[in-house]
Amino acid sequence: MTHKILVPIDGSRSAQRALEHACLMQRADGGTLHLLHIVEPTVAVDHLGAETGSTPLDYTPEKGHEKGESLLRSAWSQVGSPSSEVHFHVEDNPPGRPERTIVKLAEALDIDTIVMGSRGLSDLKGLVVGSVSHKVSHVAHCTVITLHVPDAEPGDAPVR
């Protein structure tokens with residue numbers, strides 16, 4: 001039986017580490033990888049756009065999907081093996097509900113394991129809004145492996 005592994009990719013260091021782990025799992029048992037990026041439209045940076053939460057004027061769903069596909073290919077090129085079986089999935093996100101998109105795709109593809117990163121919300125924020133990885137682990141029909149990697153390495157300059 002081929003092991004099916006789903007890896008949500010959002011561009012974070014934790015997601016990249018999750019992909020590295022999933023690749024090790026794939027090499028160990030010859031499974032199939034499914035990489036997922038969930039498109040979340042960017043918010044305009046001009047004053048009106050920032051106030052209303054609207055997208056930039058030049059944004060289109062097609063551009064969002066192209067950017068997502070590019071992100072997946074870039075992540076895969078850093079760790080993937082050319083001989084490995086991999087599938088890319090770019091999905092639209094219901095506002096604020098990426099965990100539903102992840103679980104729905106996992107069910108549709110009959111995924112055996114979801115391997116995902118966790119940025120690690122503060123205790124208070126995690127209690128109030130909950131993390132995507134935490135929500136997925138509670139409702140997914142399959143095994144969920146969560147890897148936490150700080151977004152900054154010790155000694156990294158602070159992002160400004």
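Modeller: The account below begins with the strands and then turns to the helices. The model is a predicted one. Its open sheet is built from five strands, arranged in the order β3-β2-β1-β4-β5 with parallel pairing. The edges are taken by β3 (86–92) and β5 (143–148); each of these has a single partner strand, so one side of each is left without a neighbour in the sheet. On average, and with direction ignored, neighbouring strands are turned by 25° against each other.

Within the sheet, strand β1 (residues 4–8) runs parallel to strand β2 (residues 32–39), and five bridges join the two. In one of these pairings, Ile5 has Leu33 of β2 as its bridge partner. Helix α1 (residues 13–29) packs on the sheet and touches β1, β2, β4 (113–118) and β5. The direction of α1 makes about 150° with that of β4. Helix α3 (residues 61–79) lies across β2 and β3, and runs at about 150° to β3.

A further contact links two other helices. Helix α4 (residues 98–108) and helix α6 (residues 132–139) have axes that come within 9 Å and cross at roughly 40°. That angle makes α4 oblique to α6, and the crossing is right-handed. From α4, the contact draws on Pro98, Glu99, Ile102 and Val103, while α6 supplies Val132, Lys135, Val136 and Val139. Classed by type, the residues of this contact are six nonpolar and two charged, with no polar ones.

Notes. Residues numbered from 1 in each chain as written. Predicted model: local features only at pLDDT ≥ 70, side-chain atom pairs only at ≥ 80, totals over all residues. Heavy atoms only, no water. Pairing = 2+ DSSP bridges. Helix = DSSP H or I, 4+ residues; strand = E, 2+ residues; numbered from the N terminus. Axes fitted to C-alpha atoms, helices over the stretch in contact; angles between N-to-C directions. Contact = heavy atoms within 4.5 Å. Parallel < 35°, antiparallel > 145°, perpendicular 65-115°, else oblique. Left-handed = near helix turned anticlockwise from the far one by under 90°. Nonpolar A, V, L, I, M, F, W, Y, C, P; charged D, E, K, R; others polar.
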